Amino acid sequence: MNQDNIRKMESVISSDYDNMTGMVIFKDGEAVYEKYYNSFTEANRIHIFSATKSIISILFGIAIDKGMIEGLDQKVLDFFPDYQVKRGEKTLQNIRIRDMLTMTVPYKFKFNPYVKYFTSPDWVKFSLDKLGGKGKIGEFRYAPIVGPDVLSGILVKATGKSVLDFARENLFDPLGINVENTVTFKDKEEQMEFYKADDVSGWVAGPTGVHTAGWGLTLAPMDMAKIGQMYLDGGVWEGRRIVSESWIKESTSEHSRWNRINIGYGYLWWIAEDENGFAAMGDGGNIIYVSRDKRMVVAVTSTFKPRAKDRIEFIKKYVEPLFV
């Protein structure tokens, strides 16, 4: 790597990306850069916010590979036979897993009802209650927190295990990733402390014990880089098949598009078209960035910061030139 470019990049991190806690870069299957900033170390675990969604996508691929889920055209309500559908609620009855993974389902709210969600006794049911309405299936609507937990509920029903246990057995343990605990909150204050914590290894669960799908997982940069490299290698890690290559190809292809910011979306992965790549992204600047063309994985963790600067722009401008 070009040492002048490394110094330039690290200077920019210090001045313009001051909430970054660590970065790991894999090139051609090898870890070529690992560094931590602002007194953070490899031992710290950071809440990766919405990058959690892409982990859920991987788990769906594994569950389908194992025959636990028939396919993406299964209706969401097939997994919740006891759910009482309101009279005249036709849209909800037609929503498929595919629609949830591509963020193309309508919701019965204009603004995200975060307070009602967090204080509800069942986050999965609350999300089901908000699905449907007058909108059309097939139109992109990004759901940061309220809604994706339906996918966690489906995983629990399909696998017979908690999301974390299924992830440990089929993804985390094979990759040498340690996610220690199920994290729950007694009150808002505990939740706010979790957002700022750097020493919690775990995955948040709601009052019923179902883990979150849209946020709530803590990982280290090396953990995220391993996940990206496994995907870049077609679903194999150290000779072991983790998820099918066909799922990776399908889930990281564009199936919908957020026209407002002109970016494609796969199955809970953002599509980086110009690099023949894809990314998991979370608030504050947490990212797993994979470029097939450059055979590169970039994993970044960051503490939460409103309106954090674009990490893909950072990667293209400062990380990729390291290998010129």
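**Helix packing and aromatic pairs**

The crossing of α6 and α7 is left-handed (near helix turned anticlockwise from the far one by less than a right angle; right-handed if clockwise). The model is predicted, with local features requiring pLDDT of at least 70 and side-chain atom pairs counted only at pLDDT 80 or more, whereas totals for chains, interfaces and linings use all residues. Residues are numbered from 1 along each chain as its sequence is written, and side-chain values use heavy atoms, without hydrogens and water.

Helices and strands are DSSP runs numbered from the N terminus (H or I, at least four residues, for helices; E, at least two, for strands). Helix α6 spans residues 123-130 and helix α7 residues 149-159; their axes lie 8 Å apart at an angle of about 120 degrees. Axes are lines fitted to C-alpha atoms, for helices over the stretch in contact, and angles run from 0 to 180 degrees between N-to-C directions. The arrangement of α6 relative to α7 is therefore oblique (under 35 degrees is roughly parallel, over 145 roughly antiparallel, 65 to 115 roughly perpendicular, and the rest oblique). Contact (heavy atoms within 4.5 Å) involves Trp123, Val124, Ser127 and Leu128 of α6 with Asp149, Val150 and Gly153 of α7. Of these contact residues, four are nonpolar, two polar and one charged (Ala, Val, Leu, Ile, Met, Phe, Trp, Tyr, Cys and Pro count as nonpolar; Asp, Glu, Lys and Arg as charged; the others, Gly among them, as polar).

Helices α1 (residues 3-16) and α12 (residues 311-319) pack at about 150 degrees, with axes 10 Å apart, which makes α1 roughly antiparallel to α12. Lys8, Met9, Val12 and Ile13 of α1 meet Phe314, Tyr318 and Val319 of α12. This contact comprises six nonpolar residues, no polar and one charged.

The whole structure contains 28 aromatic pairs (ring centres of Phe, Tyr and Trp, the last by its six-membered ring, within 6.5 Å; planes under 30 degrees apart are stacked, over 60 edge-to-face, the rest tilted). Phenylalanine 49 and tyrosine 195 form a tilted pair, because their planes are at 40 degrees, with ring centres 5.7 Å apart. Phenylalanine 49 lies in the loop between β3 (46-47) and α2 (52-65) and tyrosine 195 in helix α9 (residues 188-196), so the pair ties together parts 146 residues apart in sequence. Phenylalanine 49 is buried at 9% relative accessible area, while tyrosine 195 is partly exposed at 21% (buried is under 20%, exposed over 50%, partly exposed in between; 1.4 Å probe, protein chains only). Tryptophan 269 and phenylalanine 278 pair edge-to-face, 5.3 Å centre to centre with 85 degrees between the planes. Tryptophan 269 is buried at 0%, and phenylalanine 278 is likewise buried at 0%.
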